[in-house]
Amino acid sequence: MKCLYGITINELEKYFMDKGEGKFKATQVFEWLYKKRIHSFQEMRNVRKKTISDLENDFSIEPLKVVTKKNGKNVSKYLFELEDGNRIEAVLMLHDYGNSLCISTQVGCNMGCHFCESGRLKKVRNLDASEMVRQVLCVEEDLNLRITHIVLMGIGEPFDNYKEVISFVDIVNTPKGIDIGSRHITISTSGIVPKIKEFALYPKQVNLAISLHAPNNEIRNQIMDINKAYPIEELMEAVRFYLSKTNRRVTFEYILLKDVNDSRKNAHELATILSGINCYVNLIPYNETSHIEYKKSDSKTILDFYDELKKNGVNVTIRKEFGGNVSAACGQLRSNYKEE
Ligand code: SAH
Ligand code: SF4
C-alpha cells in the first residue's frame, strides 16, 4: 500500500477529484498530516467518515522506526528501519542559522566513490518520497523542534532517484505541507550530467551542490568511478548550463584526502577550472572510516589549500566538523551497525 506521506498536494487533489469530491479535501488532509501531525486517520476530525475509510483503504501513514540514535554536541544521528527491514540514516545538525537535516535518498549507492561508506555497501533500492519525508517528520517529533534546512547528502545519489527526490521537495516545500523554503533545500550530486541539465529547468529555487573532490580527471578517475562516464569538462559544461538557466550559485564540495588531492598545486588547478563560474567551494575534512584506507589531510595542509584558493579569488569555506564520534559521515552509522 502506498504511504500517504509520499503523495504531493496535486496528486491528492487529483485523487479526490477522481472520486468526485472537492479538491479542498487535499488541503484539509495535508493540514492534519503536516500541521497537526496526527498518527491515525481517525484523528482527522473534520473529515467525513466515508473519506476516512477511503484513505484507510488506499494509503498507510506508518512512521519510520528508529533503530538507534546517537547524540553529540549539536548533532544527532538517526538510524531508521524501513518496512522491508532495510536501514538508512539521517543526521541533524544545529547551526546558528537553523536546524539542518541531512537525509538519505537510497539504500546504499551505486556511484562507487572509493572513499565513501555508502558506495562500499552498494545500492539495494531507491527510497520513495514518503521515506524521505518521514525522516524529516520523525526527527522533528523526536526532538520536538522544527527543521529549517534540508540537505540531500545522506546515503545515496539523489540524481539516481530523480523523480522521487522531486516529489519529496514538492511535499516538504509546499506551504500546506512542512513548508521549508526551497532556498533552504540543497541537493548534492556526484555529477550525473544529464540530470544536472534536467534540474537546471526545474522551476523551484533549490540549491545544487556538486561533489567534485578533484581538480583534474586523473585524480577524479582514481577516486570517483562516475568521472569515467562524465569527466570534469562535461560536468563543468553542465554546471555552466545550470548557471545560465537558474543564475543560482553552485556549491562545489571538495573532500581533502591526504596525499591524494590536497597539495597547493591541486588547489591552484582547482581555482583554474572554477574561474569565471559563480560558485563557492566547501572544503570537507575527510571523516576516516575503518574500512577504507584514505586518510584525512592534516590541519596545516587544509589551511594551505584554503589560502591558495582564496589567493586565487575563489569563495571558499572549510566545513565545520560535526561529531566524528557519532559517525556523522554518509553511511557510517549504518555500516558500523551492520558489523556489530
Ligand atoms: N551522493 C551524493 C550525496 C550524498 S554524499 C554526492 O556524492 O554528492 C554527500 C557528501 O558526503 C558528498 O560530497 C560525499 O563525497 C561526502 N562524503 C562521503 N563520505 C565521506 C567521508 N567519509 N567524509 C567526508 N565526506 C564524505
Ligand atoms: Fe554515492 Fe555520494 Fe557516496 Fe559517491 S559520495 S558513493 S555518490 S553517496
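Student: What separates Lys 14 and Asp 18 by about one helical turn?

Tutor: Lys 14 and Asp 18 are four residues apart in helix H1 (residues 9-18). Helices here are DSSP runs of H or I, at least four residues, numbered from the N terminus. The model is predicted, so local features need pLDDT of at least 70, side-chain atom pairs count only at pLDDT 80 or more, and totals for chains, interfaces and linings use all residues. Residues are numbered from 1 along each chain as its sequence is written, and side-chain values use heavy atoms, without hydrogens and water.

Student: What makes Lys 14 and Asp 18 a salt bridge?

Tutor: The definition asks for a side-chain nitrogen of Lys or Arg within 4 Å of a carboxyl oxygen of Asp or Glu. In Lys 14 and Asp 18, the closest N and O atoms are 3.0 Å apart. That qualifies as a salt bridge.

Student: Why is Asp 18 called exposed?

Tutor: Exposed means over 50% relative accessible area, buried under 20%, and partly exposed in between (1.4 Å probe, protein chains only). Asp 18 has 57%, so Asp 18 is exposed.

Student: How do you know whether Glu 21 is buried or exposed?

Tutor: Glu 21 has a relative accessible area of 12%, so Glu 21 is buried. Lys 25 is at 6% and also counts as buried. Glu 21 and Lys 25 form a salt bridge, with the closest N and O atoms 2.4 Å apart.

Student: Why is Arg 125 called partly exposed?

Tutor: Arg 125 is at 23% relative accessibility, so Arg 125 counts as partly exposed. Its salt-bridge partner is Glu 131. Glu 131, at 4%, counts as buried.

Conventions: Chains are lettered from A and ligands numbered from 1 in the order in which they are written. Helices (H or I, at least four residues) and strands (E, at least two) are DSSP runs, numbered from the N terminus.
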